[in-house]
Amino acid sequence: MASPKLSRLELRIMDAIWDLGPCSVREVQERFPEEGRPAYTTVHTIVSRLEAKKAVRRVKRIGNAHIFEAAVSRRAAQTHVFDDFVRLFGGRMQPLMTHLIEAGQLTLEDVQAAEKLLRERSKTGKAP
């Protein structure tokens with residue numbers, strides 16, 4: 001199944017669900033730092049939207065609380081975000097890599113790991 005497009009807050013909530021596994025809305029809300037924590041009702045609304053988008057699903061009910069789990073993988077959601085992001089650069093990675101290097105967010109170790117992956121992919125015929 002294709003990953004739905006998720007907002008920043010939806011992704012933060014999904015991160016909590018991926019980390020926690022099956023959990024309640026209250027457990028998700030409590031994963032946020034106390035300062036700046038969204039209200040329970042906000043988290044509940046977003047989880048409901050995620051359910052409508054088929055990103056999460058209800059797995060059971062304990063008392064009045066519904067328990068939710070991720071219906072899409074972290075990797076699938078990240079791939080969707082990355083693909084959208086790369087499109088902002090016209091599909092070109094060079095401007096993005098240049099920015100990351102200049103901002104000090106791309107290290108030599110990152111580049112070496114990427115080179116290793118590219119070499120492995122070219123050996124298996126999966127090169128980009």
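How many residues does helix H4 have, and how far does H4 reach from its first C-alpha to its last?

## Helix H4 and the basis of the model

Helix H4, which spans residues 74-88, has 15 residues and reaches 21 Å from its first C-alpha to its last, close to the 21 Å expected at 1.5 Å a residue; the expected span is 1.5 Å times one less than the number of residues in the helix. Helices (H or I, at least four residues) and strands (E, at least two) are DSSP runs, numbered from the N terminus. H4 is followed by Gly90, whose phi is positive, near 65 degrees.

The model is a predicted one, in which local features need pLDDT of at least 70 and side-chain atom pairs count only at pLDDT 80 or more, while totals for chains, interfaces and linings use all residues. Residues are numbered from 1 along each chain as its sequence is written, and side-chain values use heavy atoms, with hydrogens and water left out.

## The nonpolar core

A nonpolar core is a set of buried Ala, Val, Leu, Ile, Met, Phe, Trp, Tyr and Cys residues joined through side-chain atoms within 4.5 Å. The largest such core has 19 residues, of which Ile13, Met14, Val28, Val47, Leu50 and Val56 touch the most other members. The elements that give two or more residues to this core are helix H1 (8-20), helix H2 (25-30) and helix H3 (40-52), and H1 gives the most, with 5 residues.

Val56 can be followed through its contacts, where contact means heavy atoms within 4.5 Å. Leaving aside neighbours within four places in sequence, Val56 is in contact with Met14, Ile17, Val47, Leu50, Glu51, Phe68, Glu69, Ala70 and Ala71.

Buried means under 20% relative accessible area, exposed over 50%, and partly exposed in between (1.4 Å probe, protein chains only). Gln29 has its place in helix H2 and counts as buried because its relative accessibility is 9%. Apart from neighbours within four places in sequence, Gln29 is in contact with Arg37, Pro38, Ala39, Tyr40 and Val43.

Lys54 lies in the loop between H3 and strand S1 (56-62), and Lys54 is exposed, with a relative accessible area of 53%. The phi of Lys54 is near 65 degrees, a positive value in a residue other than glycine; most residues other than glycine have a negative phi. Ser7, in the segment before H1, counts as partly exposed at 36% relative accessibility. The C-alpha atoms of Ser7 and Ile46 are separated by 9.8 Å, although these residues are 39 residues apart along the chain.

## Two pockets

On a 1 Å grid over the protein atoms alone, a pocket is an open set of points where a 1.4 Å probe fits, with protein on both sides within 12 Å along at least five of seven lines, and lining residues have an atom within 4 Å of a point. Grid points are joined across faces, edges and corners, and a volume is the space filled by probe spheres set on the points. The largest pocket has a volume of about 930 Å³, and of the 23 residues that line this pocket, Val86, Met93, Met97, Ala114 and Leu117 are the closest to its centre. H4, helix H5 (94-102) and helix H6 (108-123) each supply at least two residues of this lining.

The second largest pocket has a volume of about 180 Å³ and is lined by Lys5, Leu6, Arg8, Leu11, His80, Val81 and Asp84. H1 and H4 each supply at least two residues of the lining of the second largest pocket, and the largest share, 3 residues, comes from H4.
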